[in-house]
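Colleague: I would like to learn how to read a few features of a protein model. Could we begin with charged side chains?

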Amino acid sequence: QVQLVESGGGLVQAGGSLRLSCAASGNIFSINVMGWYRQAPGKQRELVAVITSGGTTTYADSVKGRFTISIDNAKNTVYLQMNSLKPEDTAVYYCNRFLNTRATIPLNSWGQGTQVTVSS
């Protein structure tokens, strides 16, 4: 079993940046697809970014050009670099590993996530 722990959230002004981290432990060799989702108050959880073990990335239209997902295999950590943040990016951000490249079938239970708040 793989355990995932998110961190790096916080309060930032619009236009600022944050880098989220998702540290993996356990049977990491089973990881093929990793992704970040977010959930804003009163809204459904939505996909933000996906990365495969081969390095292929996919982004939601709302974050393209502003967010970058990456993997540091040496540290077993997935990152989400978020630049040019907007108030509408405010949400709890979750990472997970997925069975498919569309990141619609999570393999782990959803964790507590990390809160990102962007002030205007």
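Modeller: A salt bridge is counted when a side-chain nitrogen of Lys or Arg lies within 4 Å of a carboxyl oxygen of Asp or Glu. Side chains of opposite charge can pair when their charged atoms come close. This is a predicted model, and in it Asp61 and Lys64 form such a bridge, at 3.1 Å from N to O. Asp61 and Lys64 are both exposed.

Colleague: How many salt bridges does a search of the whole structure find?

Modeller: The search finds 4. One of them joins Asp89 to Arg66, with an N to O distance of 2.7 Å. Asp89 is in the loop between S8 and S9, and Arg66 is in the loop between strand S6 (57-59) and S7, so this pair ties together parts that are 23 residues apart in sequence.

Colleague: Are Asp89 and Arg66 buried or exposed?

Modeller: The cut-off for buried is under 20% relative accessible area. Asp89 has 1% and is therefore buried; Arg66, at 10%, is buried as well.

Colleague: Which residues are linked in a network of salt bridges?

Modeller: The network links Arg38, Glu46, Arg66 and Asp89. Within this group, the side chains of Arg38 and Glu46 meet at 2.6 Å, N to O. Arg38 is buried, at 5% relative accessible area, while Glu46 is partly exposed, at 35%.

Colleague: Now the sheet. What is the strand order in the open sheet of 4 strands?

Modeller: The order is S1-S3-S8-S7, and the pairing is antiparallel. Strand S1 (2-7) and strand S7 (67-72) are at the edges with a single partner strand each, so one side of each has no neighbour in the sheet. From one strand to the next the twist averages 15°. Strand S3 (residues 18-26) pairs with strand S8 (residues 77-82) over 6 bridges, and Ala23 has Thr77 as its bridge partner in S8.

Colleague: What makes up the largest nonpolar core?

Modeller: A core of this kind is a set of buried nonpolar residues joined through side-chain atoms within 4.5 Å. The largest one here has 26 residues, and Trp36, Val48 and Phe67 are among those with the most contacts inside it. S3 supplies the largest share of this core, 4 residues. A second, separate core has 5 residues, including Val33, Tyr37, Phe98 and Ala103.

Colleague: Which residues form a nonpolar patch on the surface?

Modeller: Leu99, Ile105 and Leu107 do, with about 270 Å² of accessible area together. Leu107 is in the loop between strand S9 (91-98) and strand S10 (114-119), and at 37% relative accessibility Leu107 counts as partly exposed.

Conventions:
Residues are numbered from 1 along each chain as its sequence is written. This is a predicted model: local features need pLDDT of at least 70, side-chain atom pairs count only at pLDDT 80 or more; totals for chains, interfaces and linings use all residues. Side-chain values use heavy atoms; hydrogens and water are left out. Patches are made of residues with over 30% relative accessible area and no salt bridge: like charges are joined within 9 Å, nonpolar side chains (Val, Leu, Ile, Met, Phe, Trp, Tyr) within 5 Å. Accessible areas come from the Shrake-Rupley method with a 1.4 Å probe; for residues, only the protein chains shown count as cover. Helices (H or I, at least four residues) and strands (E, at least two) are DSSP runs, numbered from the N terminus. Buried means under 20% relative accessible area, exposed over 50%, partly exposed in between (1.4 Å probe, protein chains only). Two strands pair if DSSP finds at least two bridges between them. Axes are lines fitted to C-alpha atoms, for helices over the stretch in contact, and angles run from 0 to 180 degrees between N-to-C directions.
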